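Here is a note for a colleague opening this structure for the first time. Please read the points with the model in view.

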Amino acid sequence: MPVTVLLVDDEPLVRAGLRAVLEAQPDIEVVGEAADGAAVIPLVRQLRPDVVAMDVRMPLLDGIEATRALLRTVDEPPRILVVTTFENDEYVYEALRAGADGFLLKRARPAEIVHAVRLIAEGESLLFPASVRQLAAEHGEGGGNRAARAAMEQARLTEREGEVLRLMARGLSNAEIAARLVVGTETVKSHVSAVLAKLGARDRTQAVIAAYESGFVAPG
């Protein structure tokens, strides 16, 4: 089954460019387009895409609010890939905090766009971990978020779960974590699931952001 994608951007040329790149791949299918975040929820309910590639800045409903609304109102929501012009944009960090699974620069090369969509759909690795660390360093309060610290303390991660979270924050996949810790991949998947459940995180991205904001992992 191909990875199905919904494109959401107020610039027709951006949507056309993304469609051309993605539809050149045999395992990716663009199932719809929208010009604003306000149209996302009805289209997601109708088309059931695996991934929504969404601009972070739009005139009526931006990518941050569209992400919040989507995750709040849709059962089994799709993965959300924020598409942005500026890598260090605070809007991008807020979108990730709201529940987006990763972000992609509009100037990215075709191969990077395809890789991002596939990786987001799989959900077993953190997309552009170095960039997420940079965003956390600039916008994540450097461990000064009291709510995040309290949530991390209440999570009571085991020593092994803490190791797994730190490796997740470095961008390692489940297979890479398994090799590093000399355990099976299924064991790593179990630890990752436990980390997400204890932190109340939707996926790896939200878990890693929580780790940075609480000071459990230091950016850099």
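**Notes on the fold and its contacts**

1. Start with helix α9. The cover over its buried residues includes α8 (159-169), α10 and α11. Contact here means heavy atoms within 4.5 Å. Buried means under 20% relative accessible area, exposed means over 50%, and partly exposed is in between (1.4 Å probe, protein chains only). Helices (H or I, at least four residues) and strands (E, at least two) are DSSP runs, numbered from the N terminus.

2. A word on the basis. This is a predicted model, in which local features need pLDDT of at least 70 and side-chain atom pairs count only at pLDDT 80 or more, while totals for chains, interfaces and linings use all residues. Residues are numbered from 1 along each chain as its sequence is written, and side-chain values use heavy atoms, with hydrogens and water left out.

3. Which residues of α9 are buried? They are Asn174, Ile177, Ala178 and Leu181. These residues cover an arc of only 100° around the axis, which puts them on the same side of α9. The arc is that of the directions from the helix axis to the C-beta atoms. An α-helix has 3.6 residues a turn, so residues three or four places apart point the same way. After α9 comes Val182, with a positive phi near 55°.

4. Look at Asn174 itself. Asn174 belongs to α9, which spans residues 174-181. Asn174 counts as buried because its relative accessibility is 4%. Residues up to four places away in sequence aside, Asn174 touches Glu124, Thr185, Val188, Lys189, Val192 and Arg204.

5. Turn to the sheet. Five strands form an open sheet in the order β2-β1-β3-β4-β5, with parallel pairing. Its edge strands, each pairing on one side only, are β2 (28-34) and β5 (102-105). On average, neighbouring strands are turned by 25° against each other, direction ignored. Such axes are lines fitted to C-alpha atoms, for helices over the stretch in contact, and angles run from 0 to 180 degrees between N-to-C directions. Two strands pair if DSSP finds at least two bridges between them.

6. β3 (residues 51-55) and β4 (residues 79-84) pair in the parallel sense over five bridges. Val52 stands opposite Ile80 of β4.

7. Next, helix α2 (residues 40-47). Its buried residues are Val40, Ile41, Leu43 and Val44. Seen down the axis of α2, they fall within an arc of 165°, so they line one face of the helix. What do the buried residues of α2 pack against? They meet β1 (3-8), β2, β3 and α3 (63-73). Arg48 follows α2, and its phi is positive, near 50°.

8. Now the nonpolar cores. A nonpolar core is a set of buried Ala, Val, Leu, Ile, Met, Phe, Trp, Tyr and Cys residues joined through side-chain atoms within 4.5 Å. The largest has 53 residues; Val8, Met54, Leu70, Leu165, Met168, Ile177 and Leu199 touch the most other members. Leaving aside neighbours within four places in sequence, Leu70 is in contact with Val40, Ile41, Val44, Val52, Pro77, Pro78 and Ile80. A second, separate core has 22 residues, including Leu7, Leu18, Val30 and Leu104.

9. How many salt bridges does a search of the whole structure find? The count is 18. A salt bridge is a side-chain nitrogen of Lys or Arg within 4 Å of a carboxyl oxygen of Asp or Glu. Asp9, Glu11, Asp55 and Lys106 are linked in a network of them.

10. Consider Glu33 and Arg15. Their side chains meet in a salt bridge (2.8 Å, N to O). Glu33 lies in strand β2 and Arg15 in helix α1 (residues 12-23), so the pair ties together parts that are 18 residues apart in sequence. Glu33 is partly exposed at 33% relative accessible area, whereas Arg15 is buried at 13%.

11. Compare Arg79 and Asp203. The closest N and O atoms of this salt bridge are 3.5 Å apart. Arg79 lies in strand β4 and Asp203 in the loop between α10 (185-199) and α11 (204-214), so the pair ties together parts that are 124 residues apart in sequence. Arg79 is partly exposed, at 25% relative accessible area. Asp203 is buried, at 5%.
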